[in-house]
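I opened the notebook to look up charged side-chain pairs.

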Amino acid sequence: MNRLIIVSNRLPYSIERNGDEVQLRQSSGGLVSAIKSFFEKDDPQTQQFDERIWVGTFDAPEEDWYKVLEQGGLSTTFNIEPVFTDKDTYDEFYNGFSNSTLWPLFHYFPSIVTYERSQFDAYMRINALFAQKIKEIYRPGDVVWIHDYQLMALPAMVRKAIPDVQLGFFLHIPFPSYEIFRLMPTDWKMALLQGLLGADLIGFHTHDYVQHFIHSVKMALKVESQYNTIYYGNRTIKSDLFPIGIDFEKFRKTVKEESVVDLSNKLQERYGYRKIIFSVDRLDYTKGLNYRLNAYESFLETYPEWQQKIVFVFTVVPSRDLIPTYVERKRQIEEKVSTINGRFSTLDWQPILYRYNHISFEELCALYLTADIALITPLRDGMNLVAKEFVACCEDKGVLILSELTGAASELAEALQVNPTDTTEVMAAIQQALAMPPHEQIARIKGMQRRLSEYNVQTWIHDFLAQLQQAREMQEKNRIRLLDPLAINRMLDDYANAQKRCIMLDYDGTLAPIVRLPSMAAPGGDLLEVLSALSAAEENELIIISGRDATTLQEWLGHLPLTLVAEHGACIRFHGGEWQTLVTQPDDWKAQIRPILELFVNRCPNSFIEEKKNTLAWHYRNTDPDLGFNRSRELRNSLLQLTTNTPLHVVDGNKVIEVRLLGVDKGSTALNLINQFKPEFTLCIGDDTTDEDMFKALKDDAYTIKIGRGNTAARYSMGAQMDVLPLLRQLVMRTPRNSYQH
């Protein structure tokens, strides 16, 4: 049986008590509407799960839940598995850490964040209760999908309890830049990041949020990543953007229903010739409601000709009334509304119609249909579905004024996008919207509607679940296999039976340990003896493929009958031949890069620059580990920005950042050598990021071995650098005596 377990802080239903009677009522919200819409659709995508379960808390006593069960009032699309908590702990978890720490910090309001240890502890305890519930109901093969910032620690807890679980996480709010995220106490941010990395796939609304998360993970946990794949422990975790959609067809059908059309007509009759601006938001400081009112007031002052010809339907939905900052925000908003209405009202006109109340779905759609302008200008918003819903409901008119700081801004490019704190810009956008001719309004709306209809809520969910499956398949494909005795024996047999062999070996970190200074890594007698024996066999092509410069390799290994590759492939010397330079471009780029590296040498004690013919490298192996790593991230980011649209490549190696020309890498070099030598047996051993290029290029056609733990494209991993020489000795012992050249 294939089951989907949805996990969110709140269940999609609440319990209402009327005397002794209790009944279940569906809650509102984007997540509830999205999931419910998806499973109500009758198409193959929705039928992939035999059972759907929703795990979450109830805002009601536990006895009310059992009362609902006794009355048989549980008729839903989902099976429900409630998590019950004690009131005080939940209050510290929800009103405390979730909404007084994470919410303001992730929305870039660090000045109002509270840092209370008891609230963080409550957050972890509630997440642990969720983990226990999931463990109780889990069956092998279940897919678990966890949602939002209240449960960021949960994925790792579930992973610990159920190591093989297929698990996705989606964050419905912004993920902030590292400079904001790092303001949290160290153990808190570590717990949250490690918690998220318990998932196989981590989803965000926008590309920026994905990059902020990956950067934070790299800085705080010092893990590696490639594109949107994070290498953590023995697992690969994918992070990607999935901009949540709406049920586009539902809104299009609703605005054509008779009851909604009647409501719209009544609104038009009430306001007559006046233009209607509307906004609808939860009560929240992130919504920028005061800035919005200031802009509207400036508009009425600057364009007095619009007084009595326009009305602002300003709807605020109650939210988090128990949190002091929200109570204060409501008071400020209502004072501002009173001030504006007091200044500009006439006997038959009030510039703002203010509502502090919930609004029904039909009323909302009628308002979308009737309004001339939607003024949606939050200071920060993970997505903002109101903007998308307005666009979906527009018929023959409508202009969307949208904050550029919403996640939706990247999809709704035809909207008039504004900086929400710039009252002059918002005021000008209102004037532009009022003056916009109908044909332009329709053209803008149609473009956005086409996009919303193509990537709707069904597409969003299907996309996430499909990529979750792909992430799982990628993990299986890249699962590390230790080079155990059985694999070693198989490799030795293949080596002995081959008539032509190719052995590719990295140098630093593979044949020689990482040392304080590059000059200290010269080969010892034992290593030279083994390399001499391997290279002496007629069937063997022994290749040392290194980031070292040609002069050093020639000095250390040039007397042996082997092929040397320097600077990752920029220079090569076949045995018996002369050095060849494969890079023909001038090195004037070094003058641009060297000053930046020198700056970081000054900023990071004991780091140093190594200059080769075709490479500049900044080494930080001798620095304080934390400082060196942090400076390496800063340098890497600076170099990546500088080298955009240039022929340069920034390589993040083992305690080193290198800059070299594009197209010069161990992967392409190794592939060229294999195509030239055409061996029956290939062995490739390396230890760092640059060697991953070889592992990927050779794929399944070679015995590829990564030194050390961590995710890799190699077929096998080996515990430590000291294990390499014993393995090479075994190859020597399996080389037939008559193979050696005389």
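**Entry 1: the model and the count.** I am working from a predicted model. I asked how many salt bridges the rule gives. The count comes to 42.

**Entry 2: Glu 51 and Arg 3.** I looked up this pair and found a salt bridge between the two side chains, 4.0 Å from N to O. Where do the partners sit? Glu 51 belongs to strand 4 (residues 51–57), and Arg 3 belongs to strand 1 (residues 3–10), so the bridge ties together parts 48 residues apart in sequence. I then checked burial. Arg 3 has a relative accessible area of 3%. Glu 51 has 17%. The cut-off for buried is under 20%, so I noted Glu 51 as buried and Arg 3 as buried.

**Entry 3: Lys 133 and Glu 81.** Next I took the salt bridge from Lys 133 to Glu 81, where the closest N and O atoms are 3.6 Å apart. The pair links distant parts of the chain, 52 residues apart. Lys 133 is in helix 4 (residues 117–137), while Glu 81 is in strand 5 (residues 79–83). Buried or partly exposed: which is Lys 133? Lys 133 is buried, at 17% relative accessible area. Glu 81 is partly exposed, at 27%.

**Entry 4: Arg 636 and Asp 652.** I found a salt bridge here too, with 3.8 Å between the closest N and O atoms. Arg 636 comes from helix 22 (residues 625–642) and Asp 652 from strand 25 (residues 648–652), so the pair ties together parts 16 residues apart in sequence. Arg 636 counts as partly exposed, with 21% relative accessibility. Asp 652 counts as buried, with 8%.

Entry 5: Which residues are joined by salt bridges that share partners? I listed Arg 159, Asp 164, Asp 200, Arg 235 and Arg 472, which form one network.

**Entry 6: helix 24.** I turned to helix 24 (residues 689–698) and asked which of its residues are buried. They are Thr 690, Asp 691, Glu 692, Met 694, Phe 695 and Leu 698. For reading such a list, I kept in mind that an α-helix has 3.6 residues a turn, so residues three or four places apart point the same way. Last, I checked what follows the helix.

Definitions and conventions:
Residues are numbered from 1 along each chain as its sequence is written. This is a predicted model: local features need pLDDT of at least 70, side-chain atom pairs count only at pLDDT 80 or more; totals for chains, interfaces and linings use all residues. Side-chain values use heavy atoms; hydrogens and water are left out. Helices (H or I, at least four residues) and strands (E, at least two) are DSSP runs, numbered from the N terminus. Buried means under 20% relative accessible area, exposed over 50%, partly exposed in between (1.4 Å probe, protein chains only).
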